[in-house]
Every structure is written in structure tokens, then in C-alpha cells.
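Good morning, and thank you for joining.

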Amino acid sequence: MNPISKKDAREILKKNLPNLPEREDHEAAILKRLFPLLQGKSKIITYSPDLTLEVDVLPIIESSPLPRPTGFIEARHSAKWYFPRMEDGKVLRFIRPYSFEKNATGLFQPVGDEEISVEEADLILVPALGFNERGFRLGRGGGYYDRILNAESLQKKAIGLSFSKLFPVPFLEESHDLKIGKMITETQIHSFLD
């Protein structure tokens, strides 16, 4: 498979992700694979998904102020969950929400007082459009996660979620791109930094 540019990869994924067949079933299978990795973790960073482009993690979050259907999930995890808030200067802060508000991009971001650093988190779920075969993440192009998770010790705690039909994405990673520790699809768990 010939490598493609990140720009082309983003366009292809944005076209295909909203139309995946059996998407809800695949998301349920992804979350069932993820759930055992959450055990013993008390502080988890997650994200508010763009439901057309990213895997929906909200059904497993016990304290989620954004209710989602949970009929396909056996359990919810009671960790302290922290969500990203975009600040000026392309900085992410991770807040334990008591409510949410929409940001300029239309995504929900947390409102709250309790903050956590990526170093304090036990696990970090990162949003993504896709991943290449070496575990590098393709995001929307803002570089927020690339900057904040720039040490291997943090990347080992990072977990990405994607669909097997769209993995791997054959893009050429750049030196600043985030490599994740694990990536979960509905069919398996891929480890990149073990």
C-alpha cells in the first residue's frame, strides 16, 4: 500500500467514517475490549466524541453528564473521568466536569474546577480519525495531543479507538506525531509500545 499524505488521509476518513455499516455494534465491541483495561484505574482522561468521526466512549463513563444509550454495555466504569478543554494557544486542560458547553468547533467541553495533568492520569483515551500500522495517530490537524503527549511514558498510557475496516490508514507520520501505546478495534487490541 502506497503511503498517502495526512491531508488526503483525513479527507478519505471524513468521507467514510460517518457511513460505516453496523457502527453501533462495532462501537459496542470496541468498548467491551476497552473495559478490562480500565480496571484498577481511578483517574482517566477521555474525550467528548464527534459522533460522526470518532468512537463514542461515553456509554462506559458512569459520571458522564452527556447521557448516551447504554443498552449494549454491561457496566459503566466509576473512575474519575476528565475531559479536554481547548484553551488559547492550542493548549489542552483536562477537567472533571459538572456540566458541558459547546466550544467554537461545536464539540462539548467540560465546565468544572477539578483539573488533572496528563502525568497524573492512569490512562488517556485519545480521539482520532485513524491510526497507521505503527501506531501513529491521525487527528484533525490541530496538534493538541501531539504536543501534550510528547513523552514515551505518556504515550504508553494513551489508548486509541478505531474501526478495523479503516485500520491501518497508510499515512506517513511526521516526527511530531503522537504514537499511542494501544489501539483497539472491534476485532482486536494492537500494542505499539509494550
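Let us begin with Pro168, which is located in the loop between strand S10 (158-161) and strand S11 (182-184). Strands here are DSSP runs of E with at least two residues, helices are runs of H or I with at least four residues, and both are numbered from the N terminus. The peptide bond from Phe167 to Pro168 is cis, with omega near -5°.

Before going further, some conventions. This is a predicted model, in which local features need pLDDT of at least 70 and side-chain atom pairs count only at pLDDT 80 or more, while totals for chains, interfaces and linings use all residues. Residues are numbered from 1 along each chain as its sequence is written, and side-chain values use heavy atoms, with hydrogens and water left out.

Although Glu22 is not a glycine, its phi is positive, at about 55°. As background, most residues other than glycine have a negative phi, and most peptide bonds are trans. Is Glu22 buried or exposed? With a relative accessible area of 54%, Glu22 is exposed; the cut-offs are under 20% for buried, over 50% for exposed and partly exposed in between, using a 1.4 Å probe and protein chains only.

I turn now to confidence. The pLDDT, the predictor's confidence in each residue from 0 to 100, has a mean of 90 over the chain, and 91% of the residues reach 70 or more. Over residues 70-74, however, the pLDDT is below 50, and this stretch has 11 contacts in the model beyond near neighbours in sequence. A contact means heavy atoms within 4.5 Å. Where pLDDT is low, the predicted coordinates should not be read in detail.

Next, the overall fold. The chain has four helices and 12 strands. For 194 residues, a compact globule would have a radius of gyration near 16 Å, and the chain agrees, with 16 Å; the radius is taken over C-alpha atoms, and the globule rule is 2.2 Å times the number of residues to the power 0.38. The C-alpha trace spans about 45 × 40 × 35 Å along its principal axes. Of the 194 residues, 51% are buried. Among contacts between residues at least 6 apart in sequence, 62% join residues at least 24 apart.

How many aromatic pairs are there? The rule takes rings of Phe, Tyr and Trp (its six-membered ring) whose centres lie within 6.5 Å; planes under 30 degrees apart count as stacked, over 60 as edge-to-face and the rest as tilted. By this rule there are three aromatic pairs. One of them joins Phe83 and Phe100 edge-to-face, at 5.0 Å centre to centre and with 90° between the planes. This pair links distant parts of the chain, with Phe83 in strand S2 (residues 80-87) and Phe100 in strand S4 (residues 99-102), 17 residues apart. Phe83 counts as buried because its relative accessibility is 1%, and Phe100 is buried at 15%. Another pair, Phe94 with Tyr145, is tilted, at 6.3 Å centre to centre and 55° between the planes. Here too distant parts of the chain are linked: Phe94 is in strand S3 (residues 91-96) and Tyr145 in helix H3 (residues 144-148), 51 residues apart. Both Phe94 and Tyr145 are buried. Ring pairs also link Phe83, Phe100 and Phe108 into a cluster.

Finally, two individual residues. Leu34 lies in helix H2 and counts as buried, at 0% relative accessibility. Which residues does Leu34 touch, not counting those up to four places away in sequence? They are Ile60, Leu125, Ile159, Leu161 and Ile184. Lys157 is found in the loop between helix H4 (152-155) and S10. Lys157 also counts as buried, because its relative accessibility is 16%. Leaving out residues up to four places away in sequence, Lys157 touches Val118, Glu119, Glu120, Ala121, Asp122, Leu123 and Ile124.
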